[in-house]
Amino acid sequence: MKWSLSQLKKYRDGEFEIDETIDLTEFLKENNHDVREASPVHVTGTFEIKRDEVIAHLTITGEWTLPCARTLKDVIYPYEIKTIETFVKNKDQVQDESWHLMDQDTVDLVPVLCELLLVEIPMQVFSEETDEESDLPKGNDWELQTEETFAREKAKNEPKMDPRLAGLADFFNEKKED
């Protein structure tokens, strides 16, 4: 996914359209150990070619396979990233992180894609398909519980009031009549 500035200059007054697919699975797995698998990255968009810069309007789509934060089972997480990246020839033109310096008058999307994808990987994902009660991790003398299960267990273990003393519960709640 490299284009020289001379290749792109043919489209100076128009737009150069891009519709490419690239496999960055190994890069993603090496740089983020939560990524168990990744689909090929599909990149679509247009390049606006100006005098000293190339503006890329990109849409990046694909899927990651990540571990569920509760059960560690695989979760397929789709993504769609829309971005505008600007490539410039001179270092003085770089304004922020969405501006990139061209290397020998070449627009190279791969490092930009790698950076964008790494930033977008979520820290936690939760599977919607799990049976929470049975899929939660357990160990010797411990288990992970949902809030609902915890509330049920707590209600079961609370001491019951002696029915003979039930009338005393409202004793202090009554207002004195003056």
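Buried residues make up 33% of the 178 residues in the protein chain of this predicted model, where buried means under 20% relative accessible area, exposed over 50% and partly exposed in between, for a 1.4 Å probe and protein chains only. As the model is a prediction, local features need pLDDT of at least 70 and side-chain atom pairs count only at pLDDT 80 or more, while totals for chains, interfaces and linings use all residues. Residues are numbered from 1 along each chain as its sequence is written, and side-chain values use heavy atoms, with hydrogens and water left out.

Contact here means heavy atoms within 4.5 Å. Of the contacts between residues at least 6 apart in sequence, 57% join residues at least 24 apart.

Ala-38 gives a local view of this. Ala-38 sits in strand 3 and counts as buried, at 10% relative accessibility. Its C-alpha lies 7.6 Å from that of Gly-62, a residue 24 places away in sequence. Setting aside neighbours within four places in sequence, Ala-38 touches Thr-25, Leu-28, Glu-63 and Trp-64.

Trp-64 turns up again among the aromatic rings. Rings of Phe, Tyr and Trp (its six-membered ring) pair if their centres lie within 6.5 Å, with planes under 30 degrees apart counted as stacked, over 60 as edge-to-face and the rest as tilted. By this rule there are two aromatic pairs. In one, Trp-64 and Tyr-77 are stacked, at 6.2 Å centre to centre and 10° between the planes. That pair links distant parts of the chain, with Trp-64 in strand 5 (residues 53–67) and Tyr-77 in strand 6, 13 residues apart. Trp-64 is buried with a relative accessible area of 0%, whereas Tyr-77 is partly exposed at 33%. The rings of Trp-64 and Tyr-79 have centres 4.1 Å apart and planes at 25°, so this pair is stacked too. Again strand 5 is linked to strand 6, with Trp-64 and Tyr-79 15 residues apart. Both Trp-64 and Tyr-79 are buried. Trp-64, Tyr-77 and Tyr-79 together make one aromatic cluster.

On the charged side, the structure holds two salt bridges, each being a side-chain nitrogen of Lys or Arg within 4 Å of a carboxyl oxygen of Asp or Glu. Glu-37 and Lys-29 meet in one of them, at 3.6 Å from N to O. Glu-37 is partly exposed, at 39% relative accessible area, and so is Lys-29, at 28%. Asp-74 and Arg-36 form a salt bridge at 2.4 Å, N to O. Asp-74 lies in strand 6 (residues 74–88) and Arg-36 in the loop between helix 2 (25–31) and strand 3 (37–38), so the pair ties together parts that are 38 residues apart in sequence. Arg-36 is partly exposed, at 33%.

That leaves the largest pocket. Its lining includes Lys-2, Phe-87, His-100 and Pro-111. Strand 7 (99–101), strand 8 (106–108) and helix 3 (110–120) each supply at least two lining residues. A pocket here is an open set of points on a 1 Å grid over the protein atoms alone, where a 1.4 Å probe fits, with protein on both sides within 12 Å along at least five of seven lines; lining residues have an atom within 4 Å of a point.

Definitions and conventions. Helix = DSSP H or I, 4+ residues; strand = E, 2+ residues; numbered from the N terminus.
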